[in-house]
Amino acid sequence: MTLARRRFLAALGAALLPREVWAELAPPPPGPAVAKGSPSAKRFIGVYMPHGRARELFLPREGFRIDYEDAALAAFDDPQRFGRSFREDLLVIDGLDLAAGFLTGTVGHDAPRVLLTGAGANGKNASIDQFLAVEQRLAAETPLQSLVLGVGNDERGSASSISYGRGGIPLPKLIHPADTFDSLFGAPLVGSPEALAARRQRGQSVLDFLSSDLEKLRRMAPAAEREKLEQHATALRDIERRLLQPKSLCTAPPRVTRDQFRAFRAFGGGERFFDSITDLQVDLLVRGFACDLTRFATLMLADLSRTALDPTLPNDIHQD
């Protein structure tokens, strides 16, 4: 992403900035000169790991070394695996805080609420991924405005969500790779031309009905509920764009089915599959970006503090 260093630093500190400043930091909506998939297209991925990583393993060492043992950033300096090192592309920032959360008591396990919104539990800000994708219309060219993924937990709330729509509404997460596959590749790329045409025709008529129904509800709803209705409308517009853009030069990966992970929830037997699920979610996200099906995504990883994945560790490891 080509962005001035000063602007990039400020954008990363958006959790500490008021909404009006975000508007100045965000690039303008793309004009006709920005071709789909062009190098100037902006992309954003936010990844959250509950309980974080040990700070000493995340920071570069003297000489900006990131290839030491257990370094969290080592994968960015592995030319043998990836063809080149991405070390020079990194900008590591330390010392950011969650001041907006302190003001409202949105701390501890509720702190994820603050990370990308710059607001506590009662805030109305969209998270920065949704602000850029939806409000700044930077996702206008892609079939899917954004992808909100998770592992193990699809609950919505301060402790379970990092992506928020307009009005501070927590967005649903896809936690089974089969759902991620269908969201990215189901409608645009899978099936015969005849089946796709029939699906589009069927889906379009349903959307017309739902959009009309939603508009009637919006006129009757109290102001406090209109933000939720706007989220439903945004989701419908996403589906509509996918139906209207069925053609793609991108090849879909092998289909992921629900049978591959019958257990996939935390505390529901899914823990033993978390490594495989995480890898598959990341692989699908990368393919979705490469196919330019979406340019904005978040991934909330599983909380491993009480999963008993290692029998030699105590049941509660999140303080250690």
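## The chain overall

Of the 320 residues in the protein chain, 39% are buried. Keep in mind that this is a predicted model. The chain's secondary structure comes to 11 helices and 5 strands.

Among contacts with a separation of 6 or more, 67% link residues 24 or more positions apart.

## Ring against ring

The chain has 2 aromatic pairs. In one of them, Phe 181 and Phe 185 have ring centres 5.4 Å apart, and with the planes at 45° the pair counts as tilted, because that angle is neither under 30 degrees (stacked) nor over 60 (edge-to-face). Both residues sit in helix α8 (residues 177–189), 4 residues apart, so about one helical turn separates them. Phe 181 is buried, at 1% relative accessibility, and Phe 185 is buried too, at 0%.

Then there's Phe 261 with Phe 273: the centres are 5.9 Å apart and the planes meet at 65°, so this pair is edge-to-face. Phe 261 and Phe 273 both lie in the loop between α10 (223–244) and α11 (274–290), so the pair ties together parts 12 residues apart in sequence.

## Arginines over tyrosines

Two arginines deserve a look here. Arg 61 lies over the face of Tyr 68, 3.7 Å from the ring centre. Arg 113 lies over the face of Tyr 164, at 4.1 Å from the ring centre.

Methods
Residues numbered from 1 in each chain as written. Predicted model: local features only at pLDDT ≥ 70, side-chain atom pairs only at ≥ 80, totals over all residues. Heavy atoms only, no water. Helix = DSSP H or I, 4+ residues; strand = E, 2+ residues; numbered from the N terminus. Buried < 20%, exposed > 50% of the residue type's maximum accessible area, 1.4 Å probe, protein only. Contact = heavy atoms within 4.5 Å. Phe/Tyr/Trp six-rings, centres within 6.5 Å; stacked < 30°, edge-to-face > 60°. Lys NZ or Arg CZ within 6 Å of the ring centre and 35° of its normal.
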